[in-house]
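Subject: Structure handover

Hello,

I am passing on the structure we spoke about. Please open it alongside this message, and read the notes below with it in view.

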Amino acid sequence: MAITFKSFLSLRILSPVLIICAFAFGVIVGNRWIEHKPQPPESSQTRAAAPKMTIKAGQPVVGFLDMVDGKPILSGEAGSDIRVSGWAACTDSESPLAKLDILIDKKATATATPTFPRPDVAAAYGRPDFEKSGWKLSSSLRGVDAGDHELSVRVTCAKGETGLLPPFRLVVNRP
């Protein structure tokens with residue numbers, strides 16, 4: 001039993017010593033073999049252009065409703081108001097966005113105009129005219145029955161072009 005205890009005691013002392021030695025050896029050897037090559041400062045010539053989002057040919061509008069908790073589902077209580085936000089832009093730079101209509105089950109319930117800055121959208125598309133594409137508004141759920149509904153946004157441009165943003169599922173709960 002004394003031999004086992006001595007073996008255990010020597011391993012208990014020796015193990016941390018071996019780990020420290022292995023670490024020190026790795027640091028010393030590692031630093032000798034790894035060559036550090038300084039990188040030149042990034043310039044506008046060496047920087048790759050950021051990828052841009054593309055717009056399909058013939059598509060008059062682009063945009064999205066903002067996600068809620070990472071999901072395209074909104075919920076509210078019947079008889080109350082629901083807050084909706086997102087971004088939208090007209091693809092023809094000569095025909096800026098005129099208005100947005102919130103549609104619940106294809107019926108207009110509120111109107112908005114984009115006024116909030118969205119530099120992320122302008123940068124993603126490489127379109128400075130998309131800078132003021134953000135919008136926020138409240139829409140009434142009065143007269144909307146409890147249950148599942150479709151909430152979408154109709155975008156109207158200055159020259160009359162229109163388009164619908166991808167819809168969300170709207171869940172209206174009983175009060």
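What follows covers strand pairing and then the nonpolar cores. Please keep in mind that this is a predicted model.

Strand pairing

Strand β7 covers residues 147-157 and runs antiparallel to strand β4, residues 97-104, with seven bridges joining the two. In this pairing, Ile 104 stands opposite Leu 151 of β7.

β7 is also joined to strand β9 (residues 168-173), by five bridges and again in the antiparallel sense. Here His 149 has Leu 170 in β9 as its bridge partner.

A further antiparallel pairing, over three bridges, links β7 with strand β8, residues 162-164. Arg 154 is placed opposite Leu 164 in β8. β7 and β8 make a hairpin with four residues between them. In its turn, Gly 160 has a positive phi of about 100°.

Nonpolar cores

The largest nonpolar core has 26 residues, and Trp 135 and Val 155 are the members that touch the most others in it. Two or more residues come from each of β1 (61-65), β3 (81-90), β4, β5 (107-112), β6 (134-140), β7 and β9.

Leaving aside residues up to four places away in sequence, Val 155 touches a list of residues that includes Val 61, Ala 88, Cys 90, Leu 97 and Leu 100. Lys 99, Glu 161 and Thr 162 are also among its contacts.

Another core, of seven residues, lies apart from the largest one. Its members include Trp 87, Val 121, Tyr 125 and Phe 130.

Regards

Key: Residues numbered from 1 in each chain as written. Predicted model: local features only at pLDDT ≥ 70, side-chain atom pairs only at ≥ 80, totals over all residues. Heavy atoms only, no water. Pairing = 2+ DSSP bridges. Core = buried A, V, L, I, M, F, W, Y, C linked by side-chain atoms within 4.5 Å. Buried < 20%, exposed > 50% of the residue type's maximum accessible area, 1.4 Å probe, protein only. Contact = heavy atoms within 4.5 Å.
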